[in-house]
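Open your viewer and get ready to select residues by number. This tour takes you from one stop to the next and tells you what to look for at each.

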Amino acid sequence: MSSKNVTSEVVSVDEQAFEKANEAVVDEDGFKVVDETPEFQATVQMEVQAKVDANHPDGMVDTSDERIYGATLEQEERIRAREAELERISARAEIGMQEGREKRTRDIAAKRSAERRVEFQKRAASVDPWADPDRDDPRAELTQEQLAVVNKQSMRLAEKLDGWSRAAIGRRMGEAVVDGKDLMSAVVGVFEELQTAPGQVVPIGMLENINRKEVSIEGTVTQLWEPSSSAISQVGLIEDESGRTKFTSWVASDQPWIEEGEHVRIHGVAKNWYNGRVSVALTGWTEVHFPERGRWWE
């Protein structure tokens with residue numbers, strides 16, 4: 001009995017090509033023969049086997065968490081692209097819903113604000129009938145002659161009252177006339193009312209008649225004297241055509257320095273009473289303006 005041990009060693013195609021490349025081949029005359037290495041083409045079976053190896057867990061070279069398990073690079077690229085597209089679509093849809101929600105919220109807020117305003121006006125109408133939003137403009141009830149006077153006087157007062165339009169002044173005059181006042185009394189009453197309204201520069205001579213803690217005044221500083229306390233920055237008198245009053249500027253208020261004889265407009269001064277006389281004090285919320293400063297051309 002004889003036994004044959006057959007030992008086979010598998011040699012790859014690349015190794016065979018490498019070994020042949022190292023062998024020197026010569027012809028009968030002793031010259032080296034140049035033999036080009038043939039280009040190997042993968043068979044269908046090899047391509048199938050390569051795909052199987054690529055999808056096998058042990059055959060994947062890149063096993064990081066960023067790779068998709070069991071997918072080729074081509075498949076992974078398509079999956080990543082699809083996921084990115086879905087994220088963009090979702091983001092656009094979410095933004096669109098937010099914009100629509102914001103617009104609906106603004107519309108609802110505006111509608112509720114208008115409803116609250118109408119409700120407030122109707123409650124105010126129980127005290128002042130002219131506050132009723134459903135009531136017509138009072139000027140519609142005036143005669144042609146009365147309306148002409150109201151229009152003329154409202155134009156004149158609009159030039160003297162900052163912040164009040166001719167239409168608003170005319171409406172107030174119309175209300176006064178319809179309520180029974182004569183034209184001249186209506187003109188004087190409306191002018192005094194609007195002249196001392198919040199935000200208006202009040203004549204200094206009318207400070208005693210104003211039932212507000214803060215007012216705005218304008219006038220000339222006619223006199224300054226030495227403060228009686230180190231907490232006072234300046235103290236003196238300010239006056240206009242209607243009267244004069246004492247003013248005090250506190251150090252803590254940090255207000256600008258005012259020169260004697262200077263014209264100033266002061267917004268938001270606090271009213272004070274001392275020995276039956278009214279005075280004003282500049283606080284940290286007071287604004288001081290100098291209309292004539294920097295007018296070099298005069």
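**Before you click**

This is a predicted model, in which local features need pLDDT of at least 70 and side-chain atom pairs count only at pLDDT 80 or more, while totals for chains, interfaces and linings use all residues. Residues are numbered from 1 along each chain as its sequence is written, and side-chain values use heavy atoms, leaving out hydrogens and water.

**Stop 1: the whole chain**

Show the chain as a cartoon. Its secondary structure comes to six helices and six strands. Here helices (H or I, at least four residues) and strands (E, at least two) are DSSP runs, numbered from the N terminus. Follow the chain along its sequence and the pattern reads α-α-α-α-α-α-β-β-β-β-β-β.

Of the 298 residues in the chain, 23% are buried. Buried means under 20% relative accessible area, exposed means over 50%, and partly exposed is in between (1.4 Å probe, protein chains only).

Among contacts between residues at least 6 apart in sequence, 45% join residues at least 24 apart. Contact means heavy atoms within 4.5 Å.

**Stop 2: α4 and α5**

Select residues 144–158, which form helix α4, and residues 166–178, which form helix α5. α4 and α5 pack at an angle of about 135 degrees, with their axes 8 Å apart. The axes are lines fitted to C-alpha atoms, for helices over the stretch in contact, and angles run from 0 to 180 degrees between N-to-C directions. α4 and α5 are therefore oblique to each other. For these labels, angles under 35 degrees count as roughly parallel, over 145 as roughly antiparallel, 65 to 115 as roughly perpendicular, and the rest as oblique.

Show side chains next. From α4, residues including Val150, Met155 and Leu157 take part in the contact, and from α5 the partners include Ile169, Gly170 and Met173. By class, this contact of α4 with α5 has seven nonpolar, five polar and one charged residues. Ala, Val, Leu, Ile, Met, Phe, Trp, Tyr, Cys and Pro count as nonpolar, Asp, Glu, Lys and Arg as charged, and the others, Gly among them, as polar.

**Stop 3: α5 and α6**

Which residues of α5 meet α6? Ile169, Arg172, Met173, Ala176 and Val177 do, and their partners in α6 include Leu183, Val187 and Leu194. The contact of α5 with α6 has nine nonpolar, no polar and two charged residues.

**Stop 4: α4 and α6**

The contact is made by Gln146, Val149, Val150, Gln153, Arg156 and Leu157 of α4 and Leu183, Val187 and Phe191 of α6. Its residues divide into six nonpolar, two polar and one charged.

**Stop 5: the loop between α6 and β1**

Select Leu207, in the loop between α6 and β1 (214–225). Is Leu207 buried or exposed? At 0% relative accessibility, Leu207 counts as buried. Beyond its neighbours within four places in sequence, Leu207 is in contact with Val202, Val215, Ile217, Thr245, Lys271, Val278 and Val280. Try the distance tool on Leu207 and Val280: they are 73 residues apart along the chain, with C-alpha atoms separated by 9.4 Å.

Asn209 also lies in the loop between α6 and β1. At 64% relative accessibility, Asn209 counts as exposed.

**Stop 6**

Go to Gly243, in the loop between β2 (232–239) and β3 (244–250). Gly243 is partly exposed, with a relative accessible area of 23%.

End at Asp254, in the loop between β3 and β4 (263–274). Phi of Asp254 is near 55 degrees, a positive value in a residue other than glycine. Asp254 counts as exposed, at 67% relative accessibility.
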